[in-house]
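Hello,

Here is the structure I promised to pass on to you. Have a look at it first, and my notes on what turned up follow below.

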Amino acid sequence: MTISVRTKGLHAECQPKPRSLWKRFAQHIALRRQRQHLGHLDEHLLKDIGVTREEAFVESRKSAWDVPEHWHK
């Protein structure tokens, strides 16, 4: 049995939809809030997630626009 996979002619509903400007803005605000909370975690909580105090501090100081690369796609 052979299964063929087409990569070029995908249907419109299969294409990733671009995120709206408002959705992107909301994601940036949520990321900023999460980073702020990370900077205030206790030592035992940081240890639970495998992050040092220094790493948490560096991450918490990043701007909301400094996002993971895959967000740009």
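K62 is partly exposed, with a relative accessible area of 28%; partly exposed is the class between buried (under 20% relative accessible area) and exposed (over 50%), with a 1.4 Å probe and protein chains only. K62 forms a salt bridge with E59, and their closest N and O atoms are 3.1 Å apart. A salt bridge here is a side-chain nitrogen of Lys or Arg within 4 Å of a carboxyl oxygen of Asp or Glu.

Before going further, please note that this is a predicted model, in which local features need pLDDT of at least 70 and side-chain atom pairs count only at pLDDT 80 or more, while totals for chains, interfaces and linings use all residues. Residues are numbered from 1 along each chain as its sequence is written, and side-chain values use heavy atoms, with hydrogens and water left out.

Back to the charged residues. The count of salt bridges comes to 3. Helices are DSSP runs (H or I, at least four residues), numbered from the N terminus. E59 counts as partly exposed at 24% relative accessibility, whereas R35 counts as buried at 5%. Together, R35, E59 and K62 are linked in a network of salt bridges.

E43 and R53 form a salt bridge too, their closest N and O atoms being 2.9 Å apart. E43 lies in helix 2 and R53 in helix 3, so this pair ties together parts that are 10 residues apart in sequence. Both are partly exposed: E43 has 48% relative accessibility and R53 has 32%.

Now to helix 1, which covers residues 21-39. As a reminder, an α-helix has 3.6 residues a turn, so residues three or four places apart point the same way.

S60 lies in helix 3 and is buried, with a relative accessible area of 11%. Leaving aside neighbours within four places in sequence, S60 is in contact (heavy atoms within 4.5 Å) with R32, R35 and G39.

Finally, the surface. W22, F25, I29 and W65 make a nonpolar surface patch of about 530 Å². Patches are made of residues with over 30% relative accessible area and no salt bridge, where nonpolar side chains (Val, Leu, Ile, Met, Phe, Trp, Tyr) are joined within 5 Å and like charges within 9 Å; areas come from the Shrake-Rupley method with a 1.4 Å probe, and for residues only the protein chains shown count as cover. F25, one of the patch residues, lies in helix 1 and is partly exposed, with a relative accessible area of 41%.

Best wishes

Definitions and conventions. Helices (H or I, at least four residues) and strands (E, at least two) are DSSP runs, numbered from the N terminus.
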